[in-house]
Amino acid sequence: MDQSKIGKFIAECRKQKNLTQMQLSEKLGITDKAVSKWERGIAMPDTSIMLELCEILGISVNELLSGEKINMENNDQKNEQLLLDMAKEIEKKNKTIWSSMWAIMIVSMTALFAGILIAAFLIPEGVWQFVAILGVVVAFLIPCFYALKLEISVGAYKCKNCGHKIVPTYSEALWAMHRGTTRYLKCPNCHKRSWCKKELKK
């Protein structure tokens with residue numbers, strides 16, 4: 001989806017309805033700054049107000065997301081293109097989240113080893129050395145829990161037995177044995193446990 005094109009289309013439709021940004025924002029119960037961001041292509045309307053926005057502007061959701069008026073003849077083609085664009089955008093976001101997860105893990109592991117080495121060699125043996133090492137381990141675990149949350153938020157785990165796509169809860173993923181991003185999970189489809197490999201597409 002082209003946010004800049006959608007923004008210009010919103011501005012054009014708003015002006016055709018003789019509405020100011022302030023008037024449109026008041027009808028939607030939001031700030032005029034939000035409308036300004038849409039029209040400048042900086043942000044997209046929230047899905048919770050999208051239908052109301054389309055009703056006010058006299059357009060369909062398809063037209064809004066396409067950033068142009070759609071003839072009925074081209075409607076099916078536009079629908080297909082819109083679905084493809086949305087799928088590509090979701091895939092792109094998933095890859096970004098996946099990269100962020102790995103970046104967090106690498107930085108955390110590096111910091112853990114560096115912290116333990118510093119505590120072991122620079123702090124004299126005793127209570128303070130133990131406290132320092134414990135602090136480093138706790139500081140390492142916090143981003144690890146966040147990285148796991150990122151991991152389960154994208155894609156799904158594929159069951160080795162039946163190929164079913166599994167989206168576990170946070171606690172299921174946390175307590176499952178794992179090798180990297182492959183986890184030992186119970187499939188809700190075949191009810192068997194297996195090493196399920198992570199796939200970015202659900």
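User: Is Glu39 buried or exposed?
Analyst: This is a predicted model, in which local features need pLDDT of at least 70 and side-chain atom pairs count only at pLDDT 80 or more, while totals for chains, interfaces and linings use all residues. Residues are numbered from 1 along each chain as its sequence is written, and side-chain values use heavy atoms, without hydrogens and water. Buried means under 20% relative accessible area, exposed over 50%, and partly exposed in between (1.4 Å probe, protein chains only). Because its relative accessibility is 12%, Glu39 counts as buried.

User: Which residues does Glu39 touch, apart from those up to four places away in sequence?
Analyst: Glu39 belongs to helix α3; helices (H or I, at least four residues) and strands (E, at least two) are DSSP runs numbered from the N terminus. Contact means heavy atoms within 4.5 Å. On that basis, the residues touched by Glu39 are Gly7, Lys8, Ile10, Ala11, Arg14 and Gln21.

User: How far apart in space are Glu39 and Ile10, C-alpha to C-alpha?
Analyst: Ile10 is one of the buried residues of α1. Glu39 and Ile10 are 29 residues apart in sequence, and their C-alpha to C-alpha separation in space is 6.2 Å.

User: Is Arg183 buried or exposed?
Analyst: Arg183 lies in strand β4 (residues 182-186). Beyond its neighbours within four places in sequence, its contacts include Leu148, Glu151, Tyr157 and Trp195. With a relative accessibility of 6%, Arg183 is therefore classed as buried.

User: What accessible area do Val127, Trp128, Phe130, Val131, Leu134, Val138 and Ile142 have together?
Analyst: Trp128 is in helix α7 (residues 127-153) and is exposed, at a relative accessible area of 69%. Accessible areas come from the Shrake-Rupley method with a 1.4 Å probe, and for residues only the protein chains shown count as cover. The seven named residues form a nonpolar surface patch whose accessible area together is about 780 Å².

Notes
Patches are made of residues with over 30% relative accessible area and no salt bridge: like charges are joined within 9 Å, nonpolar side chains (Val, Leu, Ile, Met, Phe, Trp, Tyr) within 5 Å. A salt bridge is a side-chain nitrogen of Lys or Arg within 4 Å of a carboxyl oxygen of Asp or Glu.
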